[in-house]
Amino acid sequence: MIVTLTTDFGLRDGYVAALKGVMLSIAPGLTLIDVSHEVAAQDVMEGAYVLGQALPYLPDDTVHLVVVDPGVGTDRMAIAARFTLGGCCHTFVGPDNGLLSLLCREAPPLDIVVLDRPEVWRTSTPSATFHGRDIFAPVAALLAAGASLRDVGTPMESVRAMHWPLPRYDAEGVDGWVVHIDRYGNCITNITTAEVQRQQRDATFKCYVGSTILHGLSRTYASVSPGDPLILTGSGGHLEIAVRGGNAAELLSVHRGDSVNLVFDPHHAGDGASRELVPATTGA
């Protein structure tokens, strides 16, 4: 019986402990896994990205309590749903704010219910500002302990849709963007290395990002000297802009949502391992 927790609550206050206390009061044998409580406040896309990093490695029938809820207190629905990823079945519990649709890239949810049964909530008069404690946590605990979706809600047809922006590829290069900046300052893009290699063939490339122009692809952080920037393939198969031993977001003035432009140079073939750094104001 595993429940993961992904929230934007942080750890300064008692909110996360309240969620866990409610769940363990209902099902003391639960295994609780903290995915993250440091999602940027009310940032639905970041919540989906962070949970998505862990999803492929979590076992079948895991329940995911996801409370990144800018719409709390509005008419947005509280839901639970079953979905599949990599052949495993997972259960989502949280607000219907688009986050679930971002996780369900392989296929739409298999079964969805709206959480409209106060008898399974912590209280029939939940706080207008803390549905995580009063609605989502007790439902997640019940589902992990063996309850069915029909035990906690009424079937509904679909969830709110939200889509990841995709990079644009052509013969000249790739236009993408920074989807996440991790705690080390590595800037993770939505550009896959596999697609770049398929498109560029034998050409190398220039990467325009933040205040800089970088040249080529490195294999590891150790490919450059300490303090130098580089582009490499991250553990998820996407291009990342990093600084060996440093913070790329700070050094290169990169923010989440910034554009990342690769321009192929067919006149310079090879593995693209050049690591020249050129300030953007000086040109290419």
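Helix 4 (residues 131–144) has 14 residues, and at 1.5 Å a residue it should span 20 Å; its end C-alpha atoms sit 18 Å apart, which agrees. The expected span here is 1.5 Å times one less than the number of residues, and helices are DSSP runs (H or I, at least four residues; strands are E, at least two), numbered from the N terminus. This is a predicted model, with local features needing pLDDT of at least 70, side-chain atom pairs counting only at pLDDT 80 or more, and totals for chains, interfaces and linings using all residues. Residues are numbered from 1 along each chain as its sequence is written, and side-chain values use heavy atoms, with hydrogens and water left out.

Helix 4 isn't quite straight: there's a kink of about 30 degrees at Ala 137, shortly before Pro 138. The bend is the angle between axes fitted to the seven residues ending at a residue and the seven starting there. Helix 4 is also mostly covered, with 12 of its 14 residues buried (under 20% relative accessible area, 1.4 Å probe, protein chains only). Among the buried residues are Phe 136, Ala 137 and Pro 138. The packing partners of these buried residues include strand 1 (2–7), helix 1 (15–26) and helix 5 (149–152), where contact means heavy atoms within 4.5 Å. After helix 4 comes Gly 146, with a positive phi near 120 degrees.

Notes. Buried < 20%, exposed > 50% of the residue type's maximum accessible area, 1.4 Å probe, protein only.
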